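This briefing concerns the structure shown below.

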Amino acid sequence: MKLPVSTEWLLHCATSLAQLEAGTTASAAQLAQHFDLPAAYLAKQLQALVKAGVLAATTGPRGGFRLARPASEITLLQIVEAVDGASSPYECREIRQQGRGALPAEECQNPCILAEKMAEAHEAWRRSLAATSLAEVIAALPPSAPSRTRLRLTVTP
């Protein structure tokens, strides 16, 4: 499975916002500078997290983005699905019933074993992401990371 690069951006941005002091925001421009990303495109992507209830956005001179709820209540799956949706990356098109190698209809009464295995793998991936909160990610960072992130993100670009 290959996810768009914007998924990586938003996972890192949400993780960075989770490291800020409560109530502190970072603008799209600050986040873009922090990660050397295109600000206009990042701002559009961040709106997907606002729409999903992962981030809150404020406007004005001190506006920006912050977590909409505690990091312990935000999972990696919520972030990924806000950007990429929940559909499976694998779609069985029943090619086992096509071409010279087509199986007889009576041998295709059960779902395709490959489709079943791909669905199982997708569900395992989703369960893993759903079981991992931003708070757990932050806890696994080097101890100096949160203070370094706060310092670098609160400096205006």
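**A loop residue and the basis of the model**

A68 has a relative accessibility of 38%, so A68 counts as partly exposed, a class lying between buried (under 20% relative accessible area) and exposed (over 50%), with a 1.4 Å probe and protein chains only. The model is predicted: local features need pLDDT of at least 70 and side-chain atom pairs count only at pLDDT 80 or more, whereas totals for chains, interfaces and linings use all residues. Residues are numbered from 1 along each chain as its sequence is written, and side-chain values use heavy atoms, with hydrogens and water left out.

**Surroundings of A68**

- A68 is located in the loop between β2 (64-67) and α4; helices (H or I, at least four residues) and strands (E, at least two) are DSSP runs, numbered from the N terminus.
- Not counting residues up to four places away in sequence, A68 touches G53, V54, L55 and A56, where contact means heavy atoms within 4.5 Å.
- From A68 to V5 the separation is 63 residues in sequence and 23 Å in space, C-alpha to C-alpha.

- R96 belongs to the loop between α4 (76-84) and α5 (113-130), and its relative accessibility of 19% places R96 among buried residues.
- A polar atom of the R96 side chain lies 2.7 Å from the backbone oxygen of N110.
- Beyond its neighbours within four places in sequence, R96 is in contact with residues including G101, L103, E107, N110 and C112.
- Q45, in helix α3, is buried with a relative accessible area of 14%.
- The side chains of Q45 and S6 are joined by a polar contact of 3.5 Å; such a contact is a pair of N or O atoms within 3.5 Å, and within protein one must be able to donate a hydrogen and the other to accept it, while residues adjacent in sequence count only if both atoms are side-chain atoms.
- Leaving aside neighbours within four places in sequence, Q45 has contacts with S6, L10 and V83.

**Helices α2 and α7**

- The buried residues in α2 include A28, Q30, L31 and A32, and their cover includes α1, α3 (39-51), β2 and α7.
- D36 follows α2 and has a positive phi, near 55°.
- A145, P146, T149 and L153 are buried in helix α7 (residues 145-153).
- Viewed down the axis of α7, these buried residues fall within an arc of 95°, so they line one face of the helix; the arc is that of the directions from the helix axis to the C-beta atoms.
- The partners against which the buried residues of α7 pack are α1 (5-18), α2 (28-35) and α6 (134-140).
- The α2 and α7 axes come within 10 Å and cross at roughly 120°; axes are lines fitted to C-alpha atoms, for helices over the stretch in contact, and angles run from 0 to 180 degrees between N-to-C directions.
- This makes α2 oblique to α7, given that angles under 35 degrees count as roughly parallel, over 145 as roughly antiparallel, 65 to 115 as roughly perpendicular and the rest as oblique.
- Q30, L31 and H34 of α2 meet T149, R152 and L153 of α7.

**Helices α4 and α5**

- The axes of α4 and α5 come within 6 Å and cross at roughly 120°, and the two helices are therefore oblique to each other.
- On the α4 side, L76, L77, V80 and E81 meet W125, R126, L129 and A130 in α5.
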